[in-house]
Amino acid sequence: MKHVKWGLALLFILLVVASVVKEPCLPMMTSGQPEANVGYAYINPDDVILITRVGGLPDNRIWSILYPETDRPGIDRIVGMVNRSIDIGPATPQEQASHAFGYTVDVAIKMKDRVCYLQRIMDTTLRQTATGWERTGKINEDHFMLEIEQGGHEKHDTLCSTEAPDYIMRGADADLPRRIALALPFAPSFVQELVFKTDIPVMLPQYWPALAPGPAGQEMYYGMVYKSAPDGYNINIASVSKQFWPNSPELIGPSYASEANQLGSISGYRTDPSIPGFVVTRPPDSQPSKIGAYAGWKTPVAFYWVTGAWQCEVIGSSVSLMPSARELAGGLHESAGLKLLSARNGKILVECSNGVITLISWQSADGRYTYSITYRGSIRDAIKITDSCLVI
């Protein structure tokens, strides 16, 4: 009888241990438990707007982004990996806490109605040393968390997979590396927030001229005010005397919204034929003329020409017109006609009657998106900014 009691006690202990230890990838099912979701489609690939990475050590580069229009194989590979996982159940508080150990890097999947994050689970160990307590961690190789943000709510599930844990930590480097160092005004945290608030590919420059000092050599800072919606975004850039977070209330006030300190703006939106853009046309009563290698049409206050996909017009006084036209022509020649943009069509308008403002607008190669840049300053700098733009 004594041996029977010890045997029953040992069996009870083994059952308790088995109930709290997760088997590698195949959860143990007992009578009355709900069946695990095997092969359940967690993510519909047609609902994916973009996939990127978030987190990690501070860095001035931006994580690469996969868009369905251009990166379908990579998106299908990641979605397939998630959908092959097995649903274990809600993540425990310990699993959620372990994810925060160290510098976390998640794979983020933005969908039409929610955002999903593939997150690591860490097996952590706490031990006492001569100098205090030390915590070490090792990634769980069989399980990961799927965090779902939807309608202001968060949900954490633990999924079983032999693919996803390794992909989150190492494999994603091939698909989603840090590859883009944007111009100084566009801090990674601000850009990442912008990306998640719009559903179109975000295009930003890698070049922006350095800020000129303020009065008496005062140090100046970039003031960034942006608006975003699913169909587009707009960013206004100003020169301000204090450092503010993007969209800080102080940047909306009249002292910072005046034209005197405006540097320019960048926008992108879905092409809508019903919304007219700015117009660049051959001036009436103009005469044939040339500027550099470009043949165009001239009046006393305007010069117009076409080069490749671009229509160009310079408007100014009789004194500023031709120098400004030559500067634009030189900038276009140096950029090889802005061919890196692969624009379907584009317009450039330079107004140099009262200061210099350059407006540049173009449609993407597939015609689905329209991007625009306004710059107050050197015409050549406006061309360099535009030539450095790329989809992040």
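Which residues do ring pairs link into a cluster with Trp 208?

Residues are numbered from 1 along each chain as its sequence is written, and side-chain values use heavy atoms, leaving out hydrogens and water.

Let's start with confidence. pLDDT is the predictor's confidence in each residue, from 0 to 100. The protein averages 85, and 86% of the residues score at least 70. Residues 1–22 stay under 50. In the model, that stretch has five contacts beyond four places in sequence, where a contact means heavy atoms within 4.5 Å. Residues 27–36 are also below 50, with ten contacts beyond near neighbours in sequence. Where pLDDT is low, the predicted coordinates should not be read in detail.

Now the overall picture. The protein has eight helices and 21 strands. Those are DSSP runs numbered from the N terminus: helices are H or I with at least four residues, strands are E with at least two. Of the 392 residues, 46% are buried. Buried means under 20% relative accessible area, exposed means over 50%, and partly exposed is in between, using a 1.4 Å probe and protein chains only. Among contacts with a separation of 6 or more, 60% join residues 24 or more positions apart.

On to the inside. A nonpolar core is a set of buried Ala, Val, Leu, Ile, Met, Phe, Trp, Tyr and Cys residues joined through side-chain atoms within 4.5 Å. The largest one here has 62 residues, and Phe 186, Trp 208 and Ile 235 are among those with the most contacts inside it. Helix α7, residues 321–334, gives the largest share of this core, six residues. A second, separate core has 24 residues, including Tyr 42 and Leu 159.

Back to my opening question. The cluster consists of Phe 186, Trp 208 and Tyr 375, linked by ring pairs. Rings of Phe, Tyr and Trp (its six-membered ring) pair if their centres lie within 6.5 Å; planes under 30 degrees apart count as stacked, over 60 as edge-to-face and the rest as tilted. Searching the whole structure turns up seven aromatic pairs. For Phe 186 and Trp 208, the centres are 6.4 Å apart and the planes are at 80 degrees, so this pair is edge-to-face. Phe 186 is in the loop between β9 and α5, and Trp 208 is in the loop between β10 and β11, so the pair ties together parts that are 22 residues apart in sequence. Both residues are buried. Leaving aside residues up to four places away in sequence, Phe 186 touches several others, including Val 191, Met 224 and Ile 266.

Here is another pair to find: Phe 190 and Tyr 226, which is tilted, at 5.2 Å centre to centre with 50 degrees between the planes. Phe 190 belongs to helix α5 and Tyr 226 to strand β11, so parts 36 residues apart in sequence are tied together. Both of these residues are buried.

Arg 178 lies over the face of Trp 63, 3.9 Å from the ring centre. Likewise, the charged end of Arg 282 sits over the ring of Trp 297, 3.3 Å from its centre.

Next, some strands. Two strands pair if DSSP finds at least two bridges between them. Strand β14 (residues 287–291) and strand β15 (residues 294–299) run antiparallel, joined by five bridges. Ser 289 has Gly 296 in β15 as its bridge partner. Two residues lie between the strands of this hairpin, where Gly 292 takes a positive phi near 60 degrees. β15 is also joined to β16 (residues 302–307) by four bridges, again antiparallel, and Lys 298 stands opposite Phe 303.

Last stop: where is Glu 313? You'll find it in strand β17, residues 310–315. Glu 313 counts as buried because its relative accessibility is 8%.

Note on methods: A charge sits over a ring if NZ of Lys or CZ of Arg is within 6 Å of the ring centre and within 35 degrees of the ring normal.
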